[in-house]
Amino acid sequence: QVQLVESGGGLVQPGGSLRLSCLASGSIDGRYVMRWYRQAPGKQRELVAAITDGGSTNYVDSVKGRITISRDNAKNTVYLQMNSLKPEDTAVYYCKFVGRAGYWGQGTKVTVSS
């Protein structure tokens, strides 16, 4: 079992920044990928960014150049640095551990509004 706890969400004005964190604990071994998803009200959950244990990253087109995923393996933590936020970034953000099995965090809410 792997437990994930996200933090860092909140209310921010358009153009602002937030950094989300996802702390993993439990049976973390072997190779795994960490992903950030988001789900806006009334919409399906979508993949935002992913990072492998080797540090390779990929992003959905809508966030490229504004959002950066990173990880600190020593701390079992993955981050999502979000800059130049837009109202359409408003969503609940979830991290997911993808190894032998997949585990989700509980989500952290991000609201971009003036």
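**Entry 1: salt bridges.** Before looking at charges, I settled on what to search for: a salt bridge is a side-chain nitrogen of Lys or Arg within 4 Å of a carboxyl oxygen of Asp or Glu. I also noted that this is a predicted model. The reason to look is simple: side chains of opposite charge can pair when their charged atoms come close.

How many salt bridges does a search of the whole structure find? I got five.

I looked at Glu46 and Arg38 to begin with; their side chains meet in a salt bridge, 2.7 Å from N to O. Glu46 is partly exposed, at a relative accessible area of 30%. Is Arg38 buried or exposed? Arg38 has 7% relative accessibility, so I wrote it down as buried.

Arg38 has another partner: Asp89 forms a salt bridge with Arg38, and the closest N and O atoms are 2.9 Å apart. Because Asp89 sits in the loop between strand E8 (77-82) and strand E9 (91-98) while Arg38 is in strand E4, this pair ties together parts 51 residues apart in sequence. Asp89 is buried too, with a relative accessible area of 0%.

I then asked which residues are linked in a network of salt bridges. The network consists of Arg38, Glu46, Arg66 and Asp89.

Entry 2: Next I turned to Asp53 and Arg31, whose side chains meet in a salt bridge at 3.1 Å, N to O. This pair links distant parts of the chain, 22 residues apart: Asp53 is in the loop between strand E5 (46-51) and strand E6 (57-59), and Arg31 is in the loop between strand E3 (18-26) and strand E4 (33-39). I checked how open each partner is. Asp53 is partly exposed, with a relative accessible area of 25%, whereas Arg31 is exposed, with 69%.

**Entry 3: aromatic rings.** My count of aromatic pairs came to four. One of them joins Tyr37 and Trp104: the ring centres are 4.8 Å apart and the planes lie at 55°, so I logged the pair as tilted. Tyr37 lies in strand E4 and Trp104 in strand E10 (residues 102-104), so the pair ties together parts that are 67 residues apart in sequence. Tyr37 counts as buried at 12% relative accessibility, and Trp104 is partly exposed with a relative accessible area of 35%.

Phe97 and Tyr103 also form a tilted pair, with 6.1 Å from centre to centre and 55° between the planes. Phe97 counts as buried, at 3% relative accessibility. I saw that ring pairs link Tyr32, Phe97 and Tyr103 into a cluster.

**Entry 4: a charge over rings.** Which ring does the charged end of Arg45 sit over, 3.8 Å from its centre? I found Tyr94 there. Arg45 also lies over the face of Trp104, at 4.6 Å from the ring centre. Trp104 was already on my page as the ring partner of Tyr37.

**Entry 5: empty space.** Rolling a probe the size of a water molecule over the atoms shows where empty space is left. The structure holds one cavity of 30 Å³ or more, and the largest cavity has a volume of about 40 Å³.

Which residues line the largest cavity? I listed Ala24, Tyr32, Met34, Arg71, Asp72, Asn73, Asn76, Thr77 and Val78. Strands E7 (67-72) and E8 each supply at least two residues of this lining. By class, I have four nonpolar, three polar and two charged residues in the lining. Tyr32 turns up here as well as in the ring cluster.

**Entry 6: backbone angles and a glycine.** Most residues other than glycine have a negative phi, and most peptide bonds are trans. I looked for exceptions in phi. Asn76 has a positive phi of about 50° although it is not a glycine. Asn76 is found in the loop between E7 and E8 and counts as partly exposed at 27% relative accessibility.

Ser84 is a residue other than glycine with a positive phi, near 50°. Ser84 lies in the loop between E8 and E9, partly exposed at 40% relative accessibility.

Gly55 counts as partly exposed, at 41% relative accessibility. Gly55 and Asn73 are 18 residues apart in sequence and 10.0 Å apart in space, C-alpha to C-alpha.

Key: Residues are numbered from 1 along each chain as its sequence is written. This is a predicted model: local features need pLDDT of at least 70, side-chain atom pairs count only at pLDDT 80 or more; totals for chains, interfaces and linings use all residues. Side-chain values use heavy atoms; hydrogens and water are left out. Helices (H or I, at least four residues) and strands (E, at least two) are DSSP runs, numbered from the N terminus. Buried means under 20% relative accessible area, exposed over 50%, partly exposed in between (1.4 Å probe, protein chains only). Rings of Phe, Tyr and Trp (its six-membered ring) pair if their centres lie within 6.5 Å; planes under 30 degrees apart count as stacked, over 60 as edge-to-face and the rest as tilted. A charge sits over a ring if NZ of Lys or CZ of Arg is within 6 Å of the ring centre and within 35 degrees of the ring normal. On a 1 Å grid over the protein atoms alone, a cavity is a set of points where a 1.4 Å probe fits but cannot get out, and a pocket is an open set with protein on both sides within 12 Å along at least five of seven lines; lining residues have an atom within 4 Å of a point. Grid points are joined across faces, edges and corners, and a volume is the space filled by probe spheres set on the points. Ala, Val, Leu, Ile, Met, Phe, Trp, Tyr, Cys and Pro count as nonpolar, Asp, Glu, Lys and Arg as charged, and the others, Gly among them, as polar.
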